Each structure stands twice: as structure tokens, then as C-alpha cells.
Amino acid sequence: MPEISQLLPLIPALPLAAAMLTAVLGPRLLRKQSHWPTVLALALSCTASLMLLCKVHREAGQEEYERSGYEKIVTLYTWANVDEAYESDLRLRSPEGTVVISQGRKPLENGRLRQQSPEGATVNSRRDDSNKDSLATAAPLGLYNSEVIPFQGFTSLANDCRPEGTKKQGATIKNFRIEIALRADPLTAVMLAVITFVSTLVAIYSIGYMHGDPGYWRFFSYISLFVFSMTMLVSASNFLLLYVFWEAVGLCSYLLIGFWCEKPAAAAAGMKAFLVNRIGDFGFALGIFLIWTTFGTLDFHDSTAMGVLGKMRLASPEPIVNGAVGTAICLLLLLGACGKSAQFPLHVWLPDAMEGPTPVSALIHAATMVTAGVYMLARCMPLFAASPFALHAVAVVGGLTALIGAVVAITQTDLKRILAYSTISHLGYMFLAMGAGTVLGVTAGMFHLVTHAFFKALLFLAAGSVMHAMGGVIDIRRFGGLRRIMPVTHWTFLIGGLAMVGMIPFAGFYSKDAILLAVAEKFSFGNHVDLVYQTLYWTTFGGIFLIAVYTFRPFLLTFYGKDTVIPPEAGHHAHESPLSMTGPLVILALGAAFLGLYLEKTGGLAEFLAGTPSVAYLNRYPLAPEPSHETLESLHSSIGRQSTVMVAAGILFTIFLYAGSRRRLADRLAGPMKRLGLYQLSFGKLFFDPLYRLFVVRPLELFAQACAWFDNRFIDGSVNLVGILPKLLGAALRPLQGGLIQFYALAMILGVLIFLGVLLL
Amino acid sequence: MLLPLTLEALLKIALLIAGLMTAAAYFVLLERWIAAWVQDRLGPNRVGVPLTKIRLFGLGQPIADGVKFLFKAEFTPGHVDKFIYFLAPMSIFAAAILVFAVIPFGSALPPNIFPASWGVGEPIQLVAAPGIDVGMIYVFAVGSIAVYGVVLGGWASNNKYSFLGGLRSGAQLISYELPLGLGILGVVLASGSLRLETIISQQAQSGAWNCFLQPLGFLVFAVASFAEAGRLPFDLPEAEQELVGGYHTEYSGIKLMMYLVAEFLHMITASFLIAILFLGGWHFWGLTDGGGPDGNTVTWVVAVLRIIVLLAKVMAMILFFMVVRWSWPRFRYDQLMDIGWKVMIPWGLANLIAVAVWVEYGDRIAHSLGLPPLLCMGLCGFVILLLGWYVATKADPTLNDNRPRRRLISPDRHVEKIEV
Amino acid sequence: MSPEIALLNNYLIVGAILFGLGLIGFMSRRNMIVMFLAAEMMLQGVSLSLVAWSRFRNDFGGQMLVIFIIAVAACEAAIALGLVTTLFQRSGRLDIADWHALREANQPAFVDEPISEETSTEEPLPTLARAGVAPQVPPVKTDYRPNV
Amino acid sequence: MHDPHIILILTTLLGAVGLWLMLPRGTHRGRSVGIILTAVALGAGASQLPYLGDWLTESIFGVLAAVTVVSAAATIAFRNPVYCAIWFGLTLLGTAGLFLFAGAQFLAVATIVVYAGAILVTFLFVLMLAQPEGKAAYDRVSWEALLSAVLGMVFVGVLSMAIVGVFTAPREAKERPVAPPAAKELAENVLVPQHVAALGTELFGKHLIAVEVAGALLLAALVGAAVIVAQGKMEEKNERNAQQKRD
């Protein structure tokens, strides 16, 4: 069994190698075989991820990590390292309590840490040099084992607390250091496993789906690149690296959405995704800047200094940052997460992104990339926990998005678009769970992330299978009764649908209930009643009904119906997809069916994730007193019962509306809805795009026109004015340019002679 | 001090020139004898002592030829460019003679043969200009001057055949200078000096001649020196059947003699160089050993033996040259160029790289294997020779056809359109 | 003046003269190849000065520079040869004055001044007559002895 | 009249006029006058050269320098480019001799190998193939012969004056800053018997990077020359094809 330090770099390295190999060899050598490097690399990467998961699981289970959580850092390369790079006089300016630990005003209260403080003092007396040596001996492979980290943290803590008379008053000299460091902790391990597993299946599926495409090699190269970026994103160990790969993921998304860039719609969709993401990324970048100025470091962990989310900082009972700065950081980070995870109001790019190939939709826009925001929130949860307002913001954004997605999805006619809005809605649920700000919430959100990855990938791939068979037609009104010719797709779609609506034994049931439980916990116990959470709870609970409707509507329209309706584009090759496409479907269906049950019954995932340092922090310092186990269980079971009833009602309602000959009922129902304007509202996607057009794009265009006018008239004019001078000068000198080399040589020597003459005489 | 040195140098120069002229003359006779022997006839065997009936197997023939050349009409055609027409044979002749300034024809005479009062304590080196540190490059430089004689002669004759011959041979000589240099470089790298004396003494010390250690280099150098000397199978410059007489079609009399003698001198130079660089020079196992670490303190017997051994080797090489001439057909011109550029230069480079690697790492490798280094190097050398030979026969760059070459980019090149 | 300084002075002056002659050749001659030779001559002049300085300063640096000059000259020759042959293939002449297309757009082209045709002192070569017709042989002036 | 100042100026002017007369001007008139004037200028200039301290040294240097300079003048003065090339070859031999005389053995032979053995011969080839008949019309005229001759000679004059120190000598009375090396020092360094070894040590030690760069430069030039020639041939071919199509 290889070490973590060997496994962890391998996981991103393999897809990167595959991407480069395919990019270099693809167009000439591999051509139709371009999928091999990608599939092999992803499969190996997946194996490595699973091994890593086992390894982390085994090690994190040890008792010593129980309180503070388990993390392991692999430093691959030090990008920049400048000792004493800048002075920070933050403490003079910032409101008090901003950086509490470094002032050392309060002695460390934690018993375990106080016990260690004599050691820390000795380390302090030995100062930096010996400390570096000890690090060097402890980490020959650049691996900072987590046992070493507290000492290191202590040293830097002590350094920060050096008598300030030696320095400028109130200023600290800090090191500037950026490391390419990967981390292994339960959160990352889970994310890695999910990403690589789903990616592998999607890559295999793409063999069949993309068969015959002129950009075959390009597709697989992009996919590998994407997996590389995503794995790096989730295993990055500082904010800078996270941001770099955040952008890299965005780039891959842009490339893949616009994969068929000959189609104007695809090119526009790619552009839109990229631009909308820019808004979020801008906020994210600002958040990182603010973190930098506040904390003086971007590291998550504790290898060199007290990282933002390092164990050393988390071990302190003091809140990390609070007040306005903390809230600002959290809101900016939330903006970034909204962009990447398609949350209100930045969700508009995701439905358009369905212009890309279906495997891309499945991989990026359902299973992996869009979950980056959720991952980031989970990672930064200690920051959010310090700011109730930020937590509320997260929860509200999530709840609102969940509702918007569900409402819009009900009336769409494009199969993939329905799924896209359902993705938005489900991501909203995950955000809602994160917004709870409790261990229960984070683990529930991550749980839903995992199950969602399975069933949403499954649904998208099944939709792709339908699309493949229908010759690219995706409008659910134009086909029907497909269960007869596509049995495998039909059954897997059904399983995926049941998992999505949260029918009882399927995966979605457990994860969704966990989210509802986490939200309910926020207002069901304790003294004061949190109205925000209560409202959100009941809204999202009602949303379950909508989920059932919008899931089963396309399902029934597609696979049921009296006759098999096939659009003319399908020609006569409307048949079940090849094995390379149905195989992944079946595997994903198995996952969607049983994964939730397994994880819920063993309770492994939540327990495991609670071993992440940032989650463990929440556990140690809960915002509110924890309810007892029994009350929680009873709440859980009642929520489960209620939601099952809700789901069943929704499904039956949908069947009643659409199944068989009673289909007219739906049309009849649409009439009054249209008259009320509700139908148009839903069908028009709540008019987000026109609103954006009116309030964002138009003003910007006008501004750009004004700028262009100014540029053309004034700036260009002044440049032209400057240009006239050389023109005049040139007219005078032009006769010298006769084109004869000898004349040039003569002129040159004349110049040299004059120079020599001046020099000598 | 100055006078004995000058005298010594003048003496050596006189000896060299006399010896070389005589040798060149008699090698003509030898060549004709060998031609006759190959063609199963008698050859020149009549000219003996004048006014008597003593024939002496035709040994008087070269003298008669020389006299004829000297006294023949000095005919200059009317259409030639007179100055260059005169200059060309002189330059090639001068270049051919000048090379011998650094070529040793023995090792050294025993020390102290002069009275001590003369101030010449050093042993006399048997080379016209001892102590030139750039010896090998000097040979190369002077050899490159010879091209002028051919090119200018062909051009100045104002005759199409001469001109073609001149250009052809000029191209040939320039092309084959590269493999020649590559062959030399291997030896220079192994011995670490450009001086011919040092190269010989290095071979004498180790006892392993360079032809055993660098067989591929030996092959390249030998072939290139055939081409440089313009001997069959590389005698494209004159190629009587194609070009009448090549660049010296318009020449006669003493100027023609200069050309012919220069050609023989080139052959002799090549033989000397092969003998010195690759065949151990004056060294022969058991015969010429001894005489101090640099071979300077020798007895008279050894000194004379060394001269004999060296001259014997040279003689053998010259015989080889002559036998090859009468047993090998001429290459076609494109084949000649292909051999030069596509076979000889890669071989030379391969040899050079192999020697470089060996000089850097060989001793360590041999030591770790527990084998004698020279044996190892020889084995490696032969392996590389076989490999080079195999690659050359497999790839066979000389087997090209004479059809017009395919155009690199045709204007109506079919561009594969990507269908969407 | 010590001999070493005198040697340096002499070499520098010879170098300067070579450089100047090369300069004159480069500026005045119109044959591209002769121009190239003149440029090489300038390089020779510089090399001579460098070698002289190398000796005077008792340092190999100057000789090193000359080695690199030789290397650069080899490059230059290769490129120049390629350019000259290409230009020759275009115009059929080695005249540099044919190539002044890089002049400013409104500048007049270089006009070759007419020179008097050089009177050829050479006799025309005899031409072959048709078969059966006696060739018209011009009286040939011989510059060799009439009787051997 | 013994003022070196005036003699040098006169020499320069004489040389300028002589060279102008010698350069191809489309006419034969005045060439012999030019040769005489140049020779006189050369002699006058040579008379101003400092004595080398030894008749043998002086005479060897004189012969080598004379060969070099005279053949250089001939190179630019001859009308037939083939003759120019041959005279330039002689210049090269003279330069090589001067190199050898200054103790730079390796450079002497390297000059001959590279310049005479490779560069000049290839140019001679091109010349012969391009103009097999010898001189062309443009070889018989020069471009601004007088101007270039005067400029070039003035340049030489200024340089010579600077070298001899006509200008600088009165200004600074103190000793020259660099003392000439002693013979013993020379024999241990630049005139060492193991010349090539010393040169190689210096070249591949101190100047290794420069050697690598020069290697890269040579490779680039090789590729560049091949590309230029191939391109020219291709374009010519295309033009010919276009011509045929038009016909």
C-alpha cells in the first residue's frame, strides 16, 4: 500500500499526463484511439483516490485526531519563498479582536495545548534554525506530518510574540511563502473519490457518445485537463492554489461548453458561463485579498505559519475573525461560490451550458465542477461559523435557489434544461445545508453532494443516451414511449429519478432528509426561534413536491405514452445505446440506488467527514447547545415520514397529470396557469435573462459605446496628433532612404568619422 | 646557434624535396608496372642507360619522361586567362610540397652527433619543421589550398570540359574535407595532441595502433584521403572518358607535370598520414621499441629501423592505392556526393562520438569490467564499425534514382476539410 | 620605443589599413561577392588588431575573440552565399544596385550611368563550317615559337 | 617636412587619390598613375612605422605586411571578380603569416582552413557559375568611387594618427599605462610551446558558454542558409509555373 505522500500527487498527475499526451499525440497518432490515455489515467486516478480514501479513513479513525481532526500536507514545491518580505502593521489599524492569537493577550486555554507549552518554549528558545532542521529531518519527502505542525505553529506564534521593541512599534515582519502543497483530509478524500469515480464512468460513456466526432482527441484532452484541475482544486492546501485551479476549472468548463464552437449557441454559452463566473471569481479574489491582509497568510494548514484554517488557529477557543471584516470575507467567498455553483443570482449560466456535449453536462455541470462552491464553503466553514449573518446569507441564497430552480424546471421542455434547473435546485439544497453552519449541516450537504453526483450524472447520461438515439433531438414534446426501444436507459432513468425525488430506499432520500434535519435542528431546539431557518425549512419542504413533479414529467413524457414517437432526425437508428454508454449507466444506477442506504445505515460518511479539521472545529465549539441524540432521532424519523408522503404525493400527481390518455389534464391545467401568468413566469425562467439584459448588459453596452466614442475622438486624436510630428520629420529624412546599401555604409562611416574627430580633436 | 639550425632545416628540406620528386617520378613507373601486371602485359621495360643496350627493367623511363616534360613546348592556348592559367598549377604544386613541412619521415636521430661546441645538444627530429604545435591542422589548411589549383585551372582554361572538371573536383575536394577532418579528429581526441610526432609516440607507447582502436575512423579517413587525392574510384576531376582530361585538358609541358606530380604527392601525403595516424607511424612491435618515453633517445640502429618501418608502411599504402586504382570502377558523380555526405560524415561523427565517450568514460568502464582498456576500446571500435556498416547498407543512401525530385509543397495541395 | 610597443603599433596600423581598404571596397564595388570579400577584409583587419593586443597584453582573450570572429564569419558566409545565390537566381546578375527596392516609396530608382563598351582585344573563336565547305579560318596570331 | 603630422596627412590624401584612380571607373585612364600614387603613399606610410629592433624581424614583418596590404588594395581594385577573390586569398595568406608572426599559430591555420579553404572557395564557385565569362558591366564601374576612397582613407588616416599617437602624445606626458610584457612572460603565456593546449584550456574553460553560443549560431546559420536557398528555389519554380500557366 503506497503512502499518502505518493498517492496524493499521483491523482492529479495522471490526468495531466493524459491531457498532454492526448493533446500532443491525439491529432496525428491516436485519432480514433484518443480515449485510451484518458480512460486509463482516470481509472488509475480513481483507484488511487479510493486507496487514498481507505488510507485516510484508517488513519483518521485514530483517537489522537478525534478532537482536532485529521490532515496531512504534501508539499510538492515551494513556488515563492521570501523571508521577512513585508511588514504588517495590521494590529494598529484593525479593530480589536481581529487577530487575537498573535497578540497573545490571552493565554491559551485549551488544556492539551497548555500542556504542550513548555515544549513550545524550548522550541522557541532554539529559534528558527533548529526548527528548520527538525522539519527537514521530519519531512524528507517534503511531507509535513501533522504531528510536527503544532510545534511549528508554536514557534511562529512565539516569533510573532517577540518583544516588539526590536521592531517597529506594532509591526510584524512576515515571511512571504507560497507552496504548491496538497492536502489529504476526509473532506478532500471524499471529494477526490467522487470526482475521479464519476469522471471515469463519464469518460467511458464518452467513448460511445463522442464516437465519430471530429474533435474526438480534443474532447478527451479537455476532459483529462478538467479532472486534473478539479482534483487539484479539492486537494489544494492554500487559497492561492485553490483560486488558480478554481480558474482552471472555469477555463475547462469554457472549453467544454464551447466544444462545438462552430455552433453559435455553444460559443455564446461558453462565453456566458465564463463571464458570469468572472463576477463570482472577482468576489472570490477580493475575498482572498481580504484574507491575506487580515491573516497574513493564505495557507489552510499549519505548516509554516498559522494557516487561516490551520489546526493551530482552530484549536484556539477564540473566534477566528469576527465583526465586519469576517462577514465581508464570508460574503465575498459566498459570491465566488455562487458563481461556480450556479446559485441565485449567478445561476443563469448553467442552463445555457447544456449546449456542450452531454457527458460534459453530466460531469461538470452536475457532478463535479459546480460542487466546488459547496466544497469551498465546507472548507471555510470555521470562517462562516464566526458570522451568523454570513450563515444566514448562505442559507437564504441556497433556499431561494432551490425554489427558483424547482419552479423553472417544471415547465421546461428541453430534457437537459430540466435537469440543469434541477441541478441548480439541488445545489441550492446543499447551500442551505452549509448555511446551517453545524456539523450536521456540513455533513448533510456533503452527503447530498455525493449522492447527487451519482444520480445527477446518471440522469444526464441517460438523457444523453436518449439524445444520442434521437439524433440530437432533446425536446420532450417530440418523442415518447421510448421504453420499448431503450429499456436500459428507461430503467436507469427511473432509478435516477427516484433517487432524485428522494423516494425512500434510494440515495436521495437519505441525503435530502439529512439536509432537512440539519435545517430543522436550527430552529427546533433552543430558546429563540430562528425565523429565517424556519421559513427556509418549510419552503424547501414544499419544494420536494416540485422536485417530484419536474422529475417525473419528462420521464413520463419521454418513456411512456401509447405510441413510440420518434422525431425524423433520429432516422432509423433509434435504438439502445452501445455497451460503453449503458455500462456506466448501470454502474451509476447501482450507486444511486444503494449508496445512500449504505452510507446512512453505517453512518460512516458523516462520522468520517467530521474528522476534517474545519468540521471538527464546529463540533468542538458549537454555536448552539447540541440537542440530545434521542430528540434528534425522533425529529429525523418524522421528517422522513413527512417527506416520503410529500414525494409520493408529487409522483402520483404527476402520473395523474401525464400518464396515459389523461395527458390532456396537464394541458387543461396549463390554461388557467397561463391566464394567471404563472406559466409564463416559469417557462420564461423567471425572466432572469431579460432582466440581466436590461439592467446589466444594456448599461454596460451603453457605457462601452461612450468609452469607444471618447477613445475614437479624443485618445486617438491625441495619438494622431503625436503621429504627425514623425511624419514631418520623416518627410525631411526620406531622401536618405535610397535603398542602396553602399550609401548606408557611407553614411555610417561618416558618422563614425565625425564621432572619432570629436573624440580626438 | 642559428647557423646549424638553419643548415639542419635546409638539409632536411633538400632531402625531402629530392626524395619526393624522385619518388613521384618512380611511382609513375610503378603505377604503370602495376597496371601492366593487372592487365597481364609487360609495361614499360625498355628505357635504360642511354646509348647502350642496358635496359635495367625500364628504370630510365621516369628520367626520360621528366626530360621530355621539361623540354616540351610551353604552349599556352590563346583563349585562356593567362595569369591564373599560370598560377593554378603552381599553387597546387606548392601546396602539395608544403604539407611535408610537418610530416615526420622517421622519429629522431641519436643525440649529440655534433660537437658540443656547435650548441646543438637536442636530438635532431626527422621532420622539416619540428615544434609546430598545430601540425595536423596545418596539414589540413595546406591541403585545402590545393582546391584552388584545380578550380582555377579549370576556370582559366576557358574550356567547358576543363571548367566542369574543375568545378566537379572542387566540390568533391571540399565535400571530402569534412570526413577527412572527422577521421583526424578521432585520432587527435584519443592522443590529445595535434602534433604528428606525439600521435606516433602515443601509439608506440600503448602498442595499439589507432586502426585497431578506431577502425571506423580508419575507414573514413582512408576513403576520404582517396577522394582528396583524386584517385580511383574517386577520380572524377579528370575522368578521361567523360571530360577529356578534366581541369588539365588545356595544360601541357612543365605545367602539366606540376599537376601530375602534385597528384602523386597528394597520394604520398595521404599514405604518410594514414601510416602515421592509424598505422602507428614508425612503430613496429619488437623492432622499434625503446628510446625513452618520448622516443627521442635512440640508438642509430633503432633510428634507421624506424625510418625503414615508416617508409615500408607508406610504400604498402601506396601499393594499395595503385592496386585499388586498377581494380575498382569509378563512382557516378551523385553517388560520390552521397557517399561523402550521407555515409562518410555520419560514420565520422559516430566514430568521433564513440571516441569522445570512450576517452571520458572508457577507463572507468573497463576498470569496472576488469578488462584491459585497450582491448575493450578495440572491441567497441569494431562493434561500431559493424554497426555503421550495417546501417549504411540497410539505409543505403547512395541508391537514389535520378528522377526529378518530388515537389515539397504543391500549389494545389489537398487540404483535408474538417466536417462539422 | 620598445620592440613590443612597436610591434603593436605596426600591427594596429596594418589592421587599420586592411579595415579601411575593406571599407572602400564595400562602399564602392557593386558586385555582391566582391562586397562580401571586402567585408571579410574588414573582419581581417579587426582580427589582426585583436591578435596584436592579445600579444601585447599577454592574454589569450584577443585570440579567443578572433576564434569567434572566424565562427561568425563562417555563419555569415553561409547566409550570404544563400542570399547571393537566391538574388542571382532572381535577376541573373550579381549587381547590388539591382536591389534597392527597400527605398522610400517616392524615391527615384538607381540609374546606371552608361559606360563606354570595352573594346575586346580577343579574337573570336573559330566556328565550324557546314560539311563539305572549307572553313573560313582567320589568321591566328601565335604567341609560341613557330618552330620547336 | 619631417613632421609626422604632415606626412601622415599627405599619405592619406595621396592614398585616397591613388585608390580612386585605381578603383574601377569605367575607363582605363589614370590607373597606372593611381598605382604609383598608392605605392608612394604606402612607402611614405611605411617610413613612419616604428622600427622593430631587429633587421630580421623588421624584414619579415615588412614582407608580410606589404603582401597583405598590396593584395588587399588589389582585391578592391581589380575589375574581374575572380581576380578579386584570388587577391583576397593572398590577403588571407598574408594575414595568416602575420598571425603566425605574432605567435597565434592556431589562428593562422584556422584562418586558412575556414576562410581560404571553405568560404573563399565556395564564393569562387558561385562567381564562376554566375559569371563564367569573368567581369560584367557593373564590375567596371564603382558607386561614388571618389567619395568612398576619400572617406575610407580619411578613416585610416585618423585611426593611424590615433595609433601612432600624433594627437595624443603631446597631450599626455606621462608613461603609457601598460608596460609591454617581457619576453619571459610571453614565453610562459601566449607564446608557450604548447600553444594549442593553452588555447584550448582558455577556450573551453573561461569561454565555454561563448563556445556553446557560437555552436548554436553555426547551427542556426546552417539551417537559415538551407532555408533561404530552398525558399528561393521554390519561389522561382512557382513563378515559372505561373508563367507557364499564363502562357
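Author: A cavity is a set of grid points where a 1.4 Å probe fits but cannot get out. Keep in mind that this is a predicted model. Here there are nine cavities of 30 Å³ or more, and the largest cavity holds about 280 Å³ of space.

Reader: Which residues are closest to the centre of the largest cavity?

Author: Of the 19 lining residues, those are Gly143(B), Leu180(B), Glu228(B), His266(B) and Thr269(B). Helices H4, H5, H8 and H10 of chain B each give two or more residues to the lining, and H4(B) has the largest share, with five. Sorted by class, the lining has twelve nonpolar, five polar and two charged residues.

Reader: Let's pick a residue on H5 of chain B. Is Ser175(B) buried or exposed?

Author: Buried means under 20% relative accessible area. Ser175(B) is at 5%, so it counts as buried. It lies in helix H5, residues 160-191 of chain B. Leaving out residues up to four places away in sequence, Ser175(B) touches Met337(B) and Trp341(B).

Reader: And how do I read an interface?

Author: The size of an interface is often given as the accessible area lost when the parts come together. Between chain D and chain C, about 7900 Å² is buried, with 75% of that from carbon and sulfur atoms. Tyr115(D), Phe123(D) and Tyr138(D) supply 10% of the area that chain D buries against chain C, more than any other three residues. In contacts, 94 residues of chain D meet 80 of chain C.

Reader: How many salt bridges are there between chain D and chain C?

Author: One. The side chains of Arg29(C) and Asp139(D) form a salt bridge, at 3.9 Å from N to O.

Note on methods. Residues numbered from 1 in each chain as written. Chains lettered and ligands numbered in written order. Predicted model: local features only at pLDDT ≥ 70, side-chain atom pairs only at ≥ 80, totals over all residues. Heavy atoms only, no water. Helix = DSSP H or I, 4+ residues; strand = E, 2+ residues; numbered from the N terminus. Buried < 20%, exposed > 50% of the residue type's maximum accessible area, 1.4 Å probe, protein only. Contact = heavy atoms within 4.5 Å. 1 Å grid on protein atoms, 1.4 Å probe; cavity = no way out; pocket = protein on both sides within 12 Å on 5 of 7 lines; lining within 4 Å. Points joined across faces, edges and corners; volume = space filled by probe spheres on them. Nonpolar A, V, L, I, M, F, W, Y, C, P; charged D, E, K, R; others polar. Buried area = accessible area lost by both parts, 1.4 Å probe. Salt bridge = Lys/Arg side-chain N within 4 Å of Asp/Glu carboxyl O.
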